[in-house]
Amino acid sequence: MVDEKTLEKYAELALKTGVSLQPNQALMINAPIEGADFTRIVARKAYELGAKDVHINWSDDELTLLKYENAPDEVIGSFPDWRVKLYDMYAEDGAAVLSIRSTNPDLLQDIDPKRVAMANKASAEAMKNFRKYTMNDKIPWSIISIPSGDWAQKIFPDQSKEEAVQSLWEAILKIVRVDKDDPVAAWDEHNATLKSKREELNEKNYKKLIFKAPGTDLELELPEGHVWKGGSAVAESGVVFNPNMPTEEVFSMPHKYGVNGTVSSTKPLNYGGSVIDNFSLTFKDGKVVDFKAEKGEEVLKHLLDSDEGARRLGEVALVPHESPVSQSGLIFYNTLFDENASCHIALGKAYPTNVKDGSAMSDEELDQHGVNDSLIHVDFMIGSEKLDIDGIKQDGTTEPVFRNGTWT
Ligand code: ZN
Ligand code: ZN
């Protein structure tokens, strides 16, 4: 097992660098019951740092599955008001929100994708207000991961459950730099690197990016006033926080009407408890007009049909192929990790913060600026050592941005 001291280091990193918890602030944690021991360490550390209240929303894969197997459609397709109120209450109070993930990627593979889509839609609709708090950086929030037995064995199928969990702990702790003497300092340094990359891209202010790789020939227009972000973010209160741990990406948004060509996935996508693999999407004027998948095509179809904006893009992210996640050589079947091993794009909602003054824009203004809106935001991986990216400058000239999967 991982020793208590290391777990404390990870908990402290999540609280200080992740959500940047302040004295007298409330903390809401979404946590799996399987990770109760670690979650209690986080809660204890949070109180030590001066949290006024730590509230845990427990989840349990086994109970989730039981509900999907047994509850009628009207229950699956509804989302309780009290839960919405709970999240809104903490958000209004300026709480920090930490999500600890350990989901089994195959949990819902035998459940009718229609029911999964129904539940996802209900929760996305109900949580619309709360999502504004996170997607506009109004409150500090962070997502981290810990192993669960099923997830670990999906990644290390030849190991016993215990061994697999140990292997996954080691991989995660290394990737999030908890193996360093001072993880908080290591993250400060890492954030400085990401900052210089995003500033460089903001200065370049490319008009378009062209992605070329086997099965991919995609042109992405970047909207006027687009902003590259990456690494730490700044909440409304002024605190600096890290939404994702790990994070290796700098990201912006494509123009919702300016995407053309075909793109092929390079890693499996875990969506709503099912895996979609070896798929490609063809875009015309920003919209997916054709798609196919070797695995999970039905799930992909439901994903694309979630709503009007689900067929358009809301994010483009650049990640060098030699990132620590990539170097681990593992496929995590978990977007938080896999997206940080690879360049990716996301179907659905764009972060309004990726366009200048976007947080203050009305829905109409966002649309005029090419900012996509949807109930979903689903990243999928398109990077590999074979990916080349060209940048088209405002004067129409072209220059290389990525060659063979990494920065030129
Ligand atoms: Zn991303
Ligand atoms: Zn994303």
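The legends below describe close-up views of a predicted model.

In this predicted model, local features need pLDDT of at least 70 and side-chain atom pairs count only at pLDDT 80 or more, whereas totals for chains, interfaces and linings use all residues. Residues are numbered from 1 along each chain as its sequence is written, chains are lettered from A and ligands numbered from 1 in the order in which they are written, and side-chain values use heavy atoms, with hydrogens and water left out.

**View 1. The site of the zinc ion (ligand 1), with its donors E249, E315, E339 and H344.**
The zinc ion (ligand 1) is coordinated by OE atoms of E249, E315 and E339 and by NE2 of H344, at 2.0 to 2.8 Å; donors are N, O and S atoms within 2.8 Å of the metal (3.2 Å for Na, K and Ca), and water is not among the atoms, so sites may look incomplete. The four donor atoms subtend angles of 75 to 143 degrees around this ion, which makes the arrangement irregular. Four donors count as tetrahedral if all angles lie between 85 and 135 degrees, four count as square planar and six as octahedral if opposite donors are over 155 degrees apart and all others between 65 and 115, and anything else is irregular. Along the sequence, the donor residues of the zinc ion (ligand 1) are spaced E-x65-E-x23-E-x4-H. E315 lies in strand β14 and E339 in the loop between α13 (335–338) and β15 (344–348), so the pair ties together parts that are 24 residues apart in sequence. Helices (H or I, at least four residues) and strands (E, at least two) are DSSP runs, numbered from the N terminus.

**View 2. The site of the zinc ion (ligand 2), with E315, H377 and D379.**
The zinc ion (ligand 2) and the zinc ion (ligand 1) are 3.4 Å apart, with E315 coordinating both. Distant parts of the chain are linked by the pair of E315 in strand β14 (residues 313–318) and D379 in strand β16 (residues 377–381), which are 64 residues apart. E315 counts as buried at 2% relative accessibility, and D379 counts as buried at 9%; buried means under 20% relative accessible area, exposed over 50% and partly exposed in between (1.4 Å probe, protein chains only).

**View 3. The open antiparallel sheet β9-β14-β15-β16.**
Four strands form this open sheet, and the pairing is antiparallel; two strands pair if DSSP finds at least two bridges between them. The edge strands are β9 (250–252) and β16, each of which pairs on one side only. From one strand to the next the twist averages 20 degrees, where axes are lines fitted to C-alpha atoms, for helices over the stretch in contact, and angles run from 0 to 180 degrees between N-to-C directions. β15 and β16 pair in the antiparallel sense over five bridges, and the bridge partner of I345 in β16 is F380.

**View 4. The open parallel sheet β2-β1-β3-β4, seen with helix α5.**
This open sheet of four strands has parallel pairing, and its edge strands, β2 (53–59) and β4 (141–145), each pair on one side only. The twist averages 15 degrees from one strand to the next. Strand β1 (residues 26–32) pairs with β2 in the parallel sense over seven bridges, and P32 stands opposite S59 in β2. Helix α5 (residues 81–92) lies across β1 and β2, running at about 150 degrees to β2.

**View 5. Helix α6 (residues 113–126) and what covers its buried residues.**
At 1.5 Å a residue, the 14 residues of helix α6 should span 20 Å, which agrees with the 20 Å between its end C-alpha atoms; the expected span of a helix is 1.5 Å times one less than its number of residues. The buried residues of α6 are R115, V116, A119, A122 and A124, and what covers these residues includes α3 (61–70), α4 (73–76) and α7 (128–135).

S326 is buried, with a relative accessible area of 17%. Not counting residues up to four places away in sequence, S326 touches H321 and A341, where contact means heavy atoms within 4.5 Å.
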